Amino acid sequence: MNCRPGLFYLAAIFLFTVTLQAQESSMTLEDALQTAKENSLGLYTAEKTLDTARRNYANRGNASYPSIQASAGLSRSNSSTTASGLVPVSPAGNGVYDQVMQYEKETSPVSLSAGLSASLTLNPAIGDGIKYLRKALDSAGLEREEAEKALERDVKVSFYNLLYTDGSIQLTRQSMEILKGEYELALTDFRNGRISELELLNTQVAYKNMEPTLARQLTSYRELRSQFFLLLGIEGDDSIRLEGTIEVPADLDSLAPAEADLNSHFQVAALDNTIAQTEISRKSTFHEGFYPSLSLTASLSPVVSDPFSAETWDTGFTEPWTDNGSVSLSVSIPLDSWLPGSSVRTSLKEQENTLDTLRKQRIHTLQSVSEEVSLLYENLEDSLLNIESLELSVQVARRAWELTEEGYRKGSIEFLDLKEAENDLNSARQNLLAEKLSLLTTLFDIEYALNSSTDELLSPAK
């Protein structure tokens, strides 16, 4: 009978634990990236632009389609027309008519006409248009890649910033507990007359100064968390827990800026596409202005006179019916383009100046990108060296804390010294965490700048 309450309490604790775990959900970096890609407006817009460009290029054959037009009309003149002719009246032997009679017939002023025409103009500029569509597709694909890479970089930076801030909060709370213990110990020593009031106040100030630091960290964490969920395109939920650690990928010291392909930088690649499109547009203008054009036209225009008369309906519109049609082939050569100062020559000169400006801009952009990437690699190398030094500092601080703890247990070291050693260890850990975050942020910037990933950047070295 006494075991039933115990079982009841165990079941209640179990249900409470299961409910708490069900309410909490974890989110990894991969989950965050997938969620952001599904809800990003910028990526959605880039996808639609790429879909439009892909559709236009898939239908590039319509540039050689003829222009076809159909027409119909009903007309009535203000006077009737007269038709005349010869009719045989007296046949005489061997079917030879020796007498004929002149006749006149009045036709209706109403006529029904229909028309079907087709025309096709062939010029080398058609091929230029197809090439332009290809480059437009490349540009749309590049914009989509840039939008995805920028989103990945922002999500990664925000994700690890949250992990760092959360870790810093935990270390700050541990430091506050240490300072609180030092203050309580100092208060006991003060009451026992072993320390002065000034020493007690200094210990209290050191403890109290940590409270605004923790408050600022909590405020910063809430802001970063709100921005993170806004970036993901979902509502913020306190039950979502980020799962991950701030770790540095291996073999980063093998990255070399000399192996970086600066042509894959988004700014350089976008300029290359713009230059190619401008060159194609200039060729198209030249072909339209100076090359001959072959025109093929065909038309058919049937006309029915007096379409509403009984005679016309009885004959099934076979009479009176006339068919007018034509097929033509012509070659045209523009002559005004050869004149000095023509609109075509002016446009060509303008496009040439644009090309010169774009090529010059590419040179400066490549220099700027080269300096940017070199600086990122230098920062990466500095972070690697700092991390190596800070890891050694953490090891020293941990060993100092272990020795202090051992001395405290033996009674040779005071409790205050133990807390100071623990505080030094937490500070060393926080400095190492901050440097790892700085390295990861630099690495994400390199991935975005070179339109690549860490694995791809490390694969040549391996």
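**Close-up 1. What lines the largest cavity.** The lining of the largest cavity in this predicted model splits into 2 nonpolar, 1 polar and 5 charged residues. Here Ala, Val, Leu, Ile, Met, Phe, Trp, Tyr, Cys and Pro count as nonpolar, Asp, Glu, Lys and Arg as charged, and the others, Gly among them, as polar. The lining residues are Lys-149, Glu-152, Arg-153, Lys-156, Phe-444, Glu-447, Tyr-448 and Ser-452. A cavity is a set of points, on a 1 Å grid over the protein atoms alone, where a 1.4 Å probe fits but cannot get out, and lining residues have an atom within 4 Å of a point. Helix α4 (125–191) and helix α10 (415–449) each bring at least two lining residues, with α4 giving the most, 4 residues. Helices (H or I, at least four residues) and strands (E, at least two) are DSSP runs, numbered from the N terminus.

**Close-up 2. Inside the largest nonpolar core.** This core has 51 residues, and Val-155, Tyr-160, Phe-228, Leu-232 and Leu-255 touch the most other members. A nonpolar core is a set of buried Ala, Val, Leu, Ile, Met, Phe, Trp, Tyr and Cys residues joined through side-chain atoms within 4.5 Å. Buried means under 20% relative accessible area, exposed over 50%, and partly exposed in between (1.4 Å probe, protein chains only). Zoom in on Phe-228: leaving aside neighbours within four places in sequence, Phe-228 is in contact (heavy atoms within 4.5 Å) with residues including Met-27, Val-155 and Leu-242.

**Close-up 3. Asn-273 in helix α7.** Asn-273 sits in α7 (residues 266–290) and counts as buried because its relative accessibility is 12%. Beyond four places in sequence, Asn-273 is in contact with Lys-135, Asp-138, Ser-139 and Leu-142.

**Close-up 4. Asp-251 and Asn-451, two loop residues.** Asp-251, in the loop between β6 and α7, has a positive phi of about 65° although it isn't a glycine. Asn-451, in the loop between α10 and α11, isn't a glycine either, yet has a positive phi of about 50°. Asp-251 is partly exposed at 42% relative accessibility, and Asn-451 is partly exposed at 21%.

**Notes.** Residues are numbered from 1 along each chain as its sequence is written, and side-chain values use heavy atoms, leaving out hydrogens and water. In this predicted model, local features need pLDDT of at least 70 and side-chain atom pairs count only at pLDDT 80 or more, while totals for chains, interfaces and linings use all residues.

Terms used. On a 1 Å grid over the protein atoms alone, a cavity is a set of points where a 1.4 Å probe fits but cannot get out, and a pocket is an open set with protein on both sides within 12 Å along at least five of seven lines; lining residues have an atom within 4 Å of a point.
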